[in-house]
Amino acid sequence: MATIVQTVGTALGSKLVKDTLETSAQNVAPSSANVTSAAGDLLMIQIDNSANSHEIYYKLANATSTTIGTTEPNLKVRVPAGGSQSIVFADANAQTGITFSSGFSQWVVKEADKTGTTGPDAAVVVYLLVA
């Protein structure tokens, strides 16, 4: 799994995060804990599921760590098989989005319900713009 965090100099956000969530050989759901290591606002998200022939569920929690299958996500996004999903939570003037108090953790699974723990067959790439 590779996580890249870059500082961006725009009025909309201050960090652009690219996270590649890859499933292990045991098909354990991939996750990233405390992605930004700080409080802030999630302004935009893009989830790329083009490498999979099944839908996935991206889940995000306002927490520095999670237990997949137990932690209740604050955000859940269904991404179709072979597709992608982009969501903008803020505009350039307001610069407010989903506020997280200490950082956030994210994971992807095949199941929609909270107890799902089955990871996708292939990597899912997630881009996040945060302030």
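Figure 1. A search of the whole structure, which is a predicted model, finds one aromatic pair. The pair is made by F100 and F104, whose ring centres lie 4.6 Å apart. With 80 degrees between the planes, the arrangement of F100 and F104 is edge-to-face, because planes over 60 degrees apart are put in that class. Both F100 and F104 are buried.

**Figure 2. Salt bridge between R78 and E55.** The side chains of R78 and E55 form a salt bridge, with an N to O distance of 2.7 Å. R78 belongs to strand β6 (residues 75-79), while E55 sits in the loop between β4 (40-48) and β5 (56-61), so the contact ties together parts that are 23 residues apart in sequence. R78 has a relative accessibility of 43% and counts as partly exposed. E55, at 28%, also counts as partly exposed, because this class covers values between the buried limit of 20% and the exposed limit of 50%.

**Figure 3. Salt bridge between E72 and K114.** In this view the side chains of E72 and K114 meet in a salt bridge of 3.7 Å, N to O. The pair links distant parts of the chain, 42 residues apart. E72 is in the loop between β5 and β6, and K114 is in the loop between β9 (105-109) and β10 (124-130). E72 has a relative accessible area of 51% and is therefore exposed, whereas K114, at 35% relative accessibility, counts as partly exposed.

**Figure 4. Salt bridge between D121 and K110.** The closest N and O atoms of D121 and K110 are 2.9 Å apart, and the two residues form a salt bridge. D121 is exposed, with a relative accessible area of 52%. K110 is partly exposed, its relative accessible area being 29%. The count for the structure comes to three salt bridges.

Figure 5. Six of the seven residues of β10 are buried, so the strand is largely enclosed by the rest of the structure. β10 runs antiparallel to strand β2 (residues 15-21), and seven bridges join the two. Within this view, T20 stands opposite V125 in β10. β10 also pairs with β4, in the antiparallel sense and over six bridges. For I45, the bridge partner in β10 is L128.

**Figure 6. The open sheet β3-β9-β5-β6.** Four strands make up an open sheet in the order β3-β9-β5-β6, with antiparallel pairing. Strands of a sheet pair through backbone hydrogen bonds. The edge strands are β3 (31-32) and β6, each of which pairs on one side only. β3 and β9 run antiparallel and are joined by two bridges. S31 stands opposite W107 in β9.

Methods. Residues are numbered from 1 along each chain as its sequence is written. This is a predicted model: local features need pLDDT of at least 70, side-chain atom pairs count only at pLDDT 80 or more; totals for chains, interfaces and linings use all residues. Side-chain values use heavy atoms; hydrogens and water are left out. A salt bridge is a side-chain nitrogen of Lys or Arg within 4 Å of a carboxyl oxygen of Asp or Glu. Buried means under 20% relative accessible area, exposed over 50%, partly exposed in between (1.4 Å probe, protein chains only). Rings of Phe, Tyr and Trp (its six-membered ring) pair if their centres lie within 6.5 Å; planes under 30 degrees apart count as stacked, over 60 as edge-to-face and the rest as tilted. Two strands pair if DSSP finds at least two bridges between them.
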